[in-house]
Amino acid sequence: MELNIVCCGPLERLTGQYQLPLQLPDDATVADVYTAIATQFPEAQDLLTRCAVAVGSSLVGTSTPLSPRDVVAILPPVAGG
Amino acid sequence: MTDYPRIQASALSLDSLIAHTDDPSCGALAVFVGTVRNHHEGQAVLRLAYSAYAPVAEPMIRAIETEVMAQYGVPMCRAIHRTGMLEIGESAIIAVARGAHRAETFAALRALVEAVKHRVPIWKEEFLADGSTRFVAGCALAGPDAAPAASRLSCAPVPVFVK
């Protein structure tokens, strides 16, 4: 399946895209998203280890399975205020 | 009370937030305004660019408000945060707390601001006087895994990201 992964904050800068299209296995989990991004953008590996993932409006774990309609966002360490 | 977004692309209004949160049962009003300053870690800063992931940030700020009101026993807490390019002196965040008395109101305000800074998906990029830019190193959000970050990838985590 193809998913457009939302890359937020510094990750958008590293990947050059706010929405990054990834081709993933039909039984992909969040962990596969991390691996795919790290493979395509090795310079993002360090940052990815400190990122959280949201599907819709909820933070999810790395073993969460994904479906083609999921809205997935990678959330780097936050610095508001 | 009219609802309003907690993440806003336009200039924040303290007067509006105070008016929206008016409560005659409260004798204390505590306010925090976070503004853009012209320096950080020894470097001169020209401006900041804030971005947020609204699908998570909006409900998360509202959830934090509810948590803080319950924890500190105050009837009103609100926080709003700006996104976009902000010049020196502009307001990035405004938070208010209202309570019957000052003790719990001060405490609630502090808790509200700290939680928004550490738990909401908002990022800031500094534009420095030397022409470079960098993202401010932030706080990693805790996902439901609570597993060591290094287990996800083959590399070890780096605590600071600087472009």
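Modeller: Helices and strands are here DSSP runs numbered from the N terminus, where a helix (H or I) has at least four residues and a strand (E) at least two. The model we are discussing is a predicted one.

Biologist: Between which strands of chain B does the loop with T83(B) lie?

Modeller: T83(B) touches I7(B), Q8(B), A9(B), Y50(B), S51(B) and A52(B), when residues up to four places away in sequence are not counted. As for its place in chain B, T83(B) lies in the loop between β5 and β6 (84-87).

Biologist: Does T83(B) count as buried or exposed?

Modeller: A residue is called buried when its relative accessible area is under 20%. The relative accessibility of T83(B) is 16%, and therefore T83(B) counts as buried.

Biologist: In which strand of chain B is A52(B) found, and which residues does A52(B) touch?

Modeller: A52(B) is found in strand β4 of chain B, and with a relative accessible area of 22% it is partly exposed. The C-alpha atoms of A52(B) and S13(B) are separated by 19 Å, the two residues being 39 residues apart along the chain. Leaving out residues up to four places away in sequence, A52(B) touches I7(B), T83(B), P121(B), I122(B) and W123(B).

Biologist: What is the relative accessible area of C77(B)?

Modeller: C77(B) is found in strand β5 of chain B, which covers residues 76-82. Not counting residues up to four places away in sequence, C77(B) touches E65(B), V68(B), M69(B), V96(B), A97(B), A108(B) and L112(B). C77(B) is buried, and its relative accessible area is 0%.

Biologist: How many Å separate the C-alpha atoms of C77(B) and A30(B)?

Modeller: Along the chain, C77(B) and A30(B) are 47 residues apart.

Biologist: Are α2(B) and α3(B) roughly parallel or roughly antiparallel to each other?

Modeller: Two packed helices are described by the angle between their axes and the distance between the axes. The axes of helix α2 (residues 54-72) and helix α3 (residues 102-119) of chain B come within 9 Å and cross at roughly 150°. Angles over 145 degrees count as roughly antiparallel. Therefore α2(B) and α3(B) are, relative to each other, roughly antiparallel.

Biologist: In which loop of chain B does E41(B) lie?

Modeller: E41(B) has a positive phi of about 50°, although it is not a glycine. With a relative accessible area of 65%, E41(B) is exposed. Its place in chain B is the loop between β3 (39-40) and β4 (43-52).

Biologist: How many Å apart in space are A129(B) and A44(B), C-alpha to C-alpha?

Modeller: A129(B) is found in the loop of chain B between β8 (122-128) and β9 (133-135). Not counting residues up to four places away in sequence, A129(B) touches A44(B) and L46(B). A129(B) and A44(B) are 85 residues apart in sequence, and their distance in space, C-alpha to C-alpha, is 5.4 Å.

Biologist: Which pattern does chain B follow when read along the sequence?

Modeller: Chain B has three helices and nine strands, and 44% of its 163 residues count as buried. Of its contacts with a separation of 6 or more, 72% come from residues 24 or more positions apart. Read along the sequence, the pattern of chain B is β-α-β-β-β-α-β-β-β-α-β-β.

Biologist: What is the radius of gyration of chain A?

Modeller: Chain A has three helices and five strands, which follow the pattern β-α-β-α-α-β-β-β along the sequence. The globule rule gives 12 Å for 81 residues, and the value for chain A is close to this, so chain A is as compact as a globular protein of that length. The radius of gyration of chain A is 12 Å.

How values were computed: Residues are numbered from 1 along each chain as its sequence is written. Chains are lettered from A and ligands numbered from 1 in the order in which they are written. This is a predicted model: local features need pLDDT of at least 70, side-chain atom pairs count only at pLDDT 80 or more; totals for chains, interfaces and linings use all residues. Side-chain values use heavy atoms; hydrogens and water are left out. Axes are lines fitted to C-alpha atoms, for helices over the stretch in contact, and angles run from 0 to 180 degrees between N-to-C directions. Angles under 35 degrees count as roughly parallel, over 145 as roughly antiparallel, 65 to 115 as roughly perpendicular and the rest as oblique. Buried means under 20% relative accessible area, exposed over 50%, partly exposed in between (1.4 Å probe, protein chains only). Contact means heavy atoms within 4.5 Å. The radius of gyration is taken over C-alpha atoms; the globule rule is 2.2 Å times the number of residues to the power 0.38.
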